[in-house]
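Hi everyone, thanks for making time for this. I'd like to walk you through one structure, so let me put it up on the screen.

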Amino acid sequence: MGDGLRVAYVSPFVPPEWLEACGAEPRRLRPRRDARDAGPATGACSFARATLAAALAGRDADAFVFATTCDQMRRAAEQAAVAGARTFLLNVPATWQTPAALRLYRDELERLARAVAAWGGRAPTPAGLASAMRRHEALREDILAEAARRGPRAFDRLFAGPGAHEGPDPPAGRRVPLALVGGPLGAQDADLVDRIARSGGAVVLDGTETGARTLPARFDRRRLDAEPLDVLVEAYAGALPDVSRRPDDPLYAWLRREVPLSGARGVLLVRPVWCDPWAAHAERITEATGRPVLALDLDGDGGARPGLDGRIEAFLEMLR
Amino acid sequence: MTDAARPRTMEEIDALCAARAASPRPDEPYPYAGPLARHVRDGDRRLLRLAYDPAPASLRLWNFLLTEEDRLREARAAGHKLVGAMKDLGTVTVLAYAYPRVTAFYLDGAWWIPCIMEMSEGLLGVASAHGAGEGMCPVRAMLGAFVTRRHFPIPDLLVSSVGAVCDDLSAVAQRLESLGHPILWWEMPARRAPEPGEPAVPLPGGLRAPASQVALVRSELGRVRRALDGLAGHALTDAELAAGIRAANAVRARLDALREIVFTAPACPLPALEHQIAEMLVIHFCSDRDETLRVYDALLDEVRARVAAGTAVLPADAVRVFWVNPVADLRAMNLLEACGGRLCGTEFLFCHALDPLPEGVEPMEALARAALADPMVGPASDRAARIAADARRFGAEAVVVSRIPGASHCAWEGEAIAGAVRDRLGLPVAEIEVPPLTDALAPSIRSRLEALVETARARRRR
């Protein structure tokens, strides 16, 4: 960690290794949605509003990195900057199949490094980056192993800030295995796993934006010391199966592979209210995985819309 | 306002045209001519509820707009390759029209079908059935149109920009691809201000962008060009592309002249409805670039004649309103005028397609610069600044920010634009939402517009 400069972000495309190599303390947040959040109330994604509120509050970090993976987050970044928050908007390519896309991402990381240096960080070195990459990869492998034992709560360790480590482990017992797929979960959505457990289900795969799906690919160890930035770029921009990628083949390749492997009998598709990128996926996920899908919109203080428990129970009943 | 220029119903327009055709001095013949009623028979029922400008030039505009589907089918029958451009307001279409025997059209334009056909076509329901539900922008009608295959021929090549675009369109286009329609995606980065010391280039509209972003867009458009080369079986030369850019600029120059006259004339010479449609032609030439030119020439002749004669289509004291964003229901334009307003400046999300493409640089560079000047690609503050500057230039007395239901950007941009207009110009602003059919909401939209017009009138008396 360097010099106490805390840089927050929510997007999985912001590499903590890079921030650390730039002398910052990376703090990935899972902001708590609140109906009183800043930003427009009607038509705006609740997660983007929560992220804007976190950036404006400034409690969790000295600066905030937004990513362009969705239109609304891009607009939230603008509002944060206009309001005087110290922000950086990382241009993340939506395409992934061309050298130009990877070059854009690399250029943007270098631009980010200059911004972090101006905020009080330092210029990254290859050795420093390689070392940070090894540390973070080890952490992720540890988390994945833990997730295999005790479920998606293991991913809480990826996050900083309030609400990220709450809640007990789900009770033991015979349960209907489910995959959780979709957009980012906010801090209060930790409660969702409990709700599912109370209803007789168990999340065996966290394919949300804040779970296993958006972890970067394994680093190429043979090239890690010689060209760490190239390896980093390939692992993030070249491989992350995000819903924003066009075409979104990597997302569906991941779902086709991981959902059957997990043993899930059904898929819960979750998205914040007014999140467009995750609209129009339920039917495709059913086709890709062969599993029934229940689509849930997440919002409000309770982390879910009214009637959620009943819908989950009915879904589990159908799967038993 | 004289009787000759007063708005008419569709039946009145058709009767007027029939009378003119039978008169000793009939209107000059033009392509796609015919009574508007024939489009109603094809299902365009909204036409029955609109008020029209009676000028022959305006009727020509309507007939041109409403016959695009026929034109596309004829183009295909004549051996043209069809290119469907998505999230592209005047870049890929310019490139495509530089090729021989290639016709490009703007697929997102399908968002007007539910309005024009008064929902009778069921496209939004089809889109919902494929996951693109009511929470999304009416552009989801495009998905329904692909599924039903009833509204335009399926293009030979689909091209869509992606990246700094609206999430609705991106999601709908991806769903489209999943249904078996491959798309050539090209990257559009979020435009940012150049950093201190960073090489930068000027963009149309007075903007500047980092040279690296322009280079990226240029290389992405190069991928599109190679795909078009393959589709057309023709390696486009830079000279051909430069000629295409000049032709596009000829179209843009005419629209610019039309806007200047319509927005600055002391008395309004063209109704808002016809003006909005005229602006839409510039995006993709309504699948016939030559006729677009002729339609603009006819409209220019008409408005110049009206201005010279002092003929107005609205009362002289109509409040000058700047309108932001296109409306999903064309009838909203009639409503503005019924409430005492007149159009005096527009920003329909494609102001970069109104600016001339640079001709002093290599043609691909010109296209890249123009594409990056797209108001959707940059920060809302850039867009707001242009709106405020244009509103001042055209002497607007009020601004309407029209929201597109479900559109990801509208929720965030409206506030920024309204704030900029209030801060810089002190003008009254109304934010309204216009769904594909406004009938149920017309009373509330009307009262918002009337209040805005009243406020602007009260400011005159100060």
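Let me start with a question: how many bridges join strand β9 of chain B to strand β10 of chain B, and do the two run parallel or antiparallel? The answer is five bridges, and the strands run parallel. If you want one pair to click on, take V400(B), whose bridge partner in β10(B) is A430(B). Between the two strands the chain passes through helix α17 of chain B, residues 410-425. That makes a β-α-β crossover, and its hand is right-handed. Please keep in mind throughout that this is a predicted model.

Now let's zoom out to the domains of chain B. The assignment gives domain 1 as 3-66 + 241-347 + 379-461, and domain 2 as 68-236. Where they meet, domain 1 of chain B puts in 31 residues and domain 2 of chain B puts in 36 residues. On the domain 1 side, the elements giving two or more residues are α11 (238-264), α12 (272-284) and α16 (380-393) of chain B. The top contributor there is α11(B), with five residues. By class, that domain 1 side splits into 16 nonpolar, seven polar and eight charged residues.

Next, the contact between the chains. Here 33 residues of chain A are in contact with 37 residues of chain B. Looking at the chain A side, α3 (71-82), α4 (99-118) and α9 (282-289) each supply at least two residues. Of the elements on that side, α3(A) gives the most, with six residues. The chain A side as a whole has 16 nonpolar, seven polar and 10 charged residues.

You'll find G109(B) in the loop between β2 (102-106) and α6 (113-116) of chain B. So, is G109(B) buried or exposed? G109(B) counts as buried, because it has 20 C-beta neighbours inside 10 Å, and the cut-off for buried is 20 or more. One more distance for your notes: the C-alpha atoms of G109(B) and K87(B) are separated by 9.9 Å, and these two residues are 22 residues apart along the chain.

That's my tour, and I'm happy to go back to any of these views.

Key
Residues numbered from 1 in each chain as written. Chains lettered and ligands numbered in written order. Predicted model: local features only at pLDDT ≥ 70, side-chain atom pairs only at ≥ 80, totals over all residues. Helix = DSSP H or I, 4+ residues; strand = E, 2+ residues; numbered from the N terminus. Buried ≥ 20, exposed ≤ 12 C-beta atoms within 10 Å, placed from the backbone. Contact = placed C-beta atoms within 7 Å. Nonpolar A, V, L, I, M, F, W, Y, C, P; charged D, E, K, R; others polar. Domains from an automatic or database assignment. Pairing = 2+ DSSP bridges. Right-handed = clockwise from strand over helix to strand, strands pointing away.
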